[in-house]
Amino acid sequence: MGIELDAATAIDAYLQQHETKSLLRFITCGSVDDGKSTLLGRLLYDTKLLFDDQLAALEGDSRRHGTQNGELDFALLVDGLSAEREQGITIDVAYRFFSTDQRKFIVADCPGHEQYTRNMATGASTADLAVVLVDARKGLLTQTRRHTYICGLLGIRHVLLAVNKMDLVEYGEAVFRRIEADYRELAAQMGVPHVTAIPLSALRGDNVSSRSQQMAWFGGPSLLQHLETVQVARPASALGFRMPVQWVCRPDQGFRGYAGQVVAGSIAPGDEVVVLPAGVRSKVARIVTADGDLHRATDGDAVTLTLADERDISRGDVIAAASQPPQVADQFAAHLLWMDEAALLPGRPYWLKIGTRTVTAQITEIKHRVDVNTQARRPAKRLELNEVGYCNLSLDHAIAFEPYAQCRELGAFILIDRQTNATIAAGTLDFALRRAENIHWQHLEVDRVARARIKGQQPACLWFTGLSGSGKSTVANLVEKRLHAMGYHTYLLDGDNVRHGLNRDLGFTEEDRVENIRRVAEVSRLMVDAGLIVLVSFISPFRSERRMARALFGEGEFLEVFVDTPLDVCAQRDPKGLYAKARAGEIKNFTGIDSPYEAPEDPELRLDTTGTPVDVLAQRVIETLLASQEEKPQTPR
Amino acid sequence: MMIDRDSGLRALEAESIRVIREVASEFANPVFLYSIGKDSSVLLHLLYKAFYPASPPIPLLHVDTTWKFREMISFRDRRSREMGCRLLVHTNEDGVRQGVGPFTHGSAVHTDVMKTQALKQALDKYKFDAAIGGARRDEEKSRAKERVFSFRNAQHRWDPKNQRPELWSLYNARVHKGESVRVFPLSNWTELDIWLYIYREKIEVPSLYLAKERPVVERDGMLIMVDDARMPLFPGETPLMRRVRFRTLGCYPLTGAIESEADTLPKVIQEMLVARTSERQGRVIDQDSWASMEKKKQEGYF
């Protein structure tokens, strides 16, 4: 090909060809020594995808680390991590790219060991086809079952069964046919509808990229021929338009667009849409892209929609065809693959991410565990690493969804640990539960620990005491604001919201003051029992009542904060004009004037408001609170 | 010219735009590590598309080792301005004071001090919780193993043996204070995809990618361009004008040129289709040891 030829024309032609090529994403899996990496290396080699320097590096590596007596060890091409080369195993998925004249391929080479199942699932979740390797000498193994099960679970509909190492069984047809029959039975059980079996030798190159002379009895295609021609397209989805809102685009007051990727159906300007879960309706005004407005957007397009009406829409909402909306629910039956060292416990709150939405979810019941090696259903109270369970799920917000079998994008979810931020599970929604079906909670007493756990916090009572005008409420207000911003559930009790209601019948005599504090203390106790962090901002002048309040709470749950402002400063501030009135005799029994204030002897925290800014004081309160919680882990992990 | 809406390139484009939007939505303080090369040029273009008609809400950060090709720096300043992006430039001033450079300290020390350490300094200084980069899985073996959202601990280290599972397009963006995520929107692109996309979308790239007469010396089997007077010449070395281009761009003393007649994009693509060496071969750092990239990445290199 002469470079002096019209390169632009040649490239345009090539582009056309390259662009019309379809893309096949597949995984290779199988048990440890079945030769996955060797097969993949052989494919890259046979399709001339190896560059000279990579080949030179491979020759060097084969001599140093190879297992083929110095001959090219193709496994070294794909096992990219040092630890993998040292141990001769695959730990994590490696993505490889190659193309032929027919197709482009992305291969995810998946680890075989059970302990790396989560990495295999990572690779399988985006694949259309799985190449499952079986050693002809060994037949189906536990790993074969496990991998096929995971493929079925994640909705892979096509399996290419590669019966490898045929050279070691003298290319015998009977061996191959027996394994093929066994596997077809297995695949049917696991819900994998399409199986193609091919006998091959990755090491010798038999039936890898071209038909082998050694196995004339086999009339099917080579592995590469099958990969180039297999049709994996799913039946056209009957679903209407769906687009999870990913980002709200507001460059100026005049433009409000909703950016996202269309995950089902198609849309055109003028089409009626509904925004879920809220259920508000509108019409699409424009489909905006940097390349100009579109007349229609379809499945897979990343676009920005504008609507005919101003609506309150944010990230996580789903814009859908008004005529065919998805369901909205907050309780589900789902399959869950557990991927964390710490076991799944029903009742514990986790983050759940689905589409562009993140909510809090709990597993309310494990209906059964599936043994991934035998597919037997077992009763379970927890799920351990790499176990699969069929569970009921309860979310704190309703979401728009589709069953996973209908739509991966609106039916797949991950769970994230709220403390470690680790991705701890992958799940597929099956169907929505009606609320009544799910009232039954397994293994879970609703007690204070359970209520605290659902909030993901440790309840406590912060008791602010000090003279009128000392700054109690100012500090308590700021503390509450900050705790709220940090995601804690709080409630602030002060004279304003208690004396006007619950304690409306009480005056300011000594008896009434005692009763006032007793009631406030009891209410605080109930709130702490409910799992809240309660802030009490009351003058509470008497030691004995504060001691009574403290006695209602568990060890470390009650923190006394003495807002220590001298009387003359309070009187000078006099924010409500009360000191002036008390001095004038208009108010009786006013603390500090004609009623005593008994300063705390041993408060958890003493705040001096005269020289320190209020935000520093609030921060000290929060630090004291959080420090006290670290000393006493209450929520079992 | 708009790319064919059914093409593989369009699917890659949509996937990358989705990843970029996810970063803007999920992180408080993200940054785009702009390295001026072809992959960064594609990313910049995608950044523009992802947020259109708004300006990209993510600033650009360039870690300047002070040894980049001069053309790269002027290109950087102009393109970031044209795209309406905020540009931050960081240089390891400690390294500058100590006079660290590739000729005096070797490629390993230079790369560590002026790139890896400099990058960590910048990430710490601005407290970024996400950094978008242009790496692709087809570049190199340890990159082939990396997630799209790749978690880094507070010391910026990558733990390849314990990566977060990453299923479907559900990216986990949650980090504690000090931790961060490196995000690679071009993970599933190949070098060919990059060039075809540049051609189709008419994306501007530095002219160093196109063949031209340039002053080079041959050293350790590589053609090094004499980009400024700081390059010491050994006895017997005389810069010769040769027709060369670059397949990757980095520090000029560490970036090997190839002899080429490809002075237009179509010719570059055509040459690449018959090329028999992978693009990273032009980088000195990769040849230090066979696991060098994995090691550097664990230490915080991009």
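Leu462(A) sits in strand β23 of chain A, which spans residues 460-465. With a relative accessible area of 1%, Leu462(A) is buried. The model in which this residue is seen is a predicted one.

**The surroundings of Leu462(A)**

- Leaving out residues up to four places away in sequence, Leu462(A) touches Val479(A), Val534(A), Leu535(A), Val536(A), Leu559(A), Val561(A), Val621(A) and Leu625(A).

**Chain A as a whole**

- Chain A contains 18 helices and 27 strands.
- Its radius of gyration is 33 Å, well over the 26 Å that the globule rule gives for 637 residues, so chain A is more spread out than a compact globule.
- Taken along the principal axes, the box filled by the C-alpha atoms of chain A is roughly 110 × 55 × 50 Å.
- Of the 637 residues in chain A, 56% are buried.
- Among contacts in chain A with a separation of 6 or more, 72% are between residues 24 or more positions apart.

**Confidence in chain A**

- The average pLDDT of chain A is 87, and 91% of the residues score at least 70.
- Among the elements of chain A, the highest mean pLDDT (98) belongs to strand β7, residues 242-244, and the lowest (62) to helix α5, residues 82-87.
- Over residues 436-443 of chain A, pLDDT stays under 50, and the model has 14 contacts beyond four places in sequence for this stretch.
- Residues 632-637 of chain A also have a pLDDT that stays under 50, with 16 contacts beyond four places in sequence in the model.

**A covered helix in chain A**

- Helix α2 of chain A, residues 36-46, is mostly covered, as 9 of its 11 residues are buried.
- Among the buried residues of α2(A) are Lys36(A), Arg42(A), Leu43(A) and Leu44(A).

- Thr428(A) belongs to strand β22 of chain A, residues 423-432.
- The relative accessible area of Thr428(A) is 7%, and the residue is therefore buried.
- Beyond four places in sequence, the residues that Thr428(A) touches include Leu153(A), Tyr404(A) and Phe413(A) of chain A, together with Trp168(B) of chain B.
- Trp168(B) lies in the loop between β5 (149-152) and β6 (180-183) of chain B.
- Trp168(B) is buried, at a relative accessible area of 9%.
- Although Trp168(B) is not a glycine, it has a positive phi of about 50°.

**A partly exposed loop residue**

- Asn589(A) is located in the loop between α17 (578-583) and β27 (605-607) of chain A.
- A relative accessible area of 32% makes Asn589(A) partly exposed.
- Thr509(A) is 80 residues from Asn589(A) along the chain, yet their C-alpha atoms are separated by 6.8 Å.
- Apart from neighbours within four places in sequence, Asn589(A) is in contact with Phe508(A), Thr509(A), Arg513(A), Asp594(A) and Ser595(A).

**Chain B and a helix pair**

- Chain B has 8 helices and 10 strands.
- Of its 302 residues, 64% count as buried.
- Helix α1 (residues 8-26) and helix α6 (residues 191-201) of chain B pack at an angle of about 95°, and their axes are 11 Å apart.
- This angle makes α1(B) roughly perpendicular to α6(B).
- Leu9(B), Leu12(B) and Glu13(B) of α1(B) make the contact with Asp193(B), Leu196(B), Tyr197(B) and Glu201(B) of α6(B).
- By type, the residues of this contact are 4 nonpolar, no polar and 3 charged.

**Backbone geometry**

- Most residues other than glycine have a negative phi, and most peptide bonds are trans.
- Tyr171(A), a residue other than glycine, has a positive phi near 55°.
- Tyr171(A) lies in the loop between β5 (158-164) and α8 (173-189) of chain A, and at 14% relative accessibility it counts as buried.
- The peptide bond from Leu276(A) to Pro277(A) is cis, with omega near 10°, and Pro277(A) is in the loop between β11 (272-276) and β12 (280-288) of chain A.
- In chain B, the peptide bond from Tyr52(B) to Pro53(B) is cis, with omega near 5°.
- Pro53(B) is placed in the loop between α2 (38-51) and β2 (60-63) of chain B.

Notes. Residues are numbered from 1 along each chain as its sequence is written. Chains are lettered from A and ligands numbered from 1 in the order in which they are written. This is a predicted model: local features need pLDDT of at least 70, side-chain atom pairs count only at pLDDT 80 or more; totals for chains, interfaces and linings use all residues. Side-chain values use heavy atoms; hydrogens and water are left out. Axes are lines fitted to C-alpha atoms, for helices over the stretch in contact, and angles run from 0 to 180 degrees between N-to-C directions. Helices (H or I, at least four residues) and strands (E, at least two) are DSSP runs, numbered from the N terminus. Angles under 35 degrees count as roughly parallel, over 145 as roughly antiparallel, 65 to 115 as roughly perpendicular and the rest as oblique. Contact means heavy atoms within 4.5 Å. Ala, Val, Leu, Ile, Met, Phe, Trp, Tyr, Cys and Pro count as nonpolar, Asp, Glu, Lys and Arg as charged, and the others, Gly among them, as polar. pLDDT is the predictor's confidence in each residue, from 0 to 100. The radius of gyration is taken over C-alpha atoms; the globule rule is 2.2 Å times the number of residues to the power 0.38. Buried means under 20% relative accessible area, exposed over 50%, partly exposed in between (1.4 Å probe, protein chains only).
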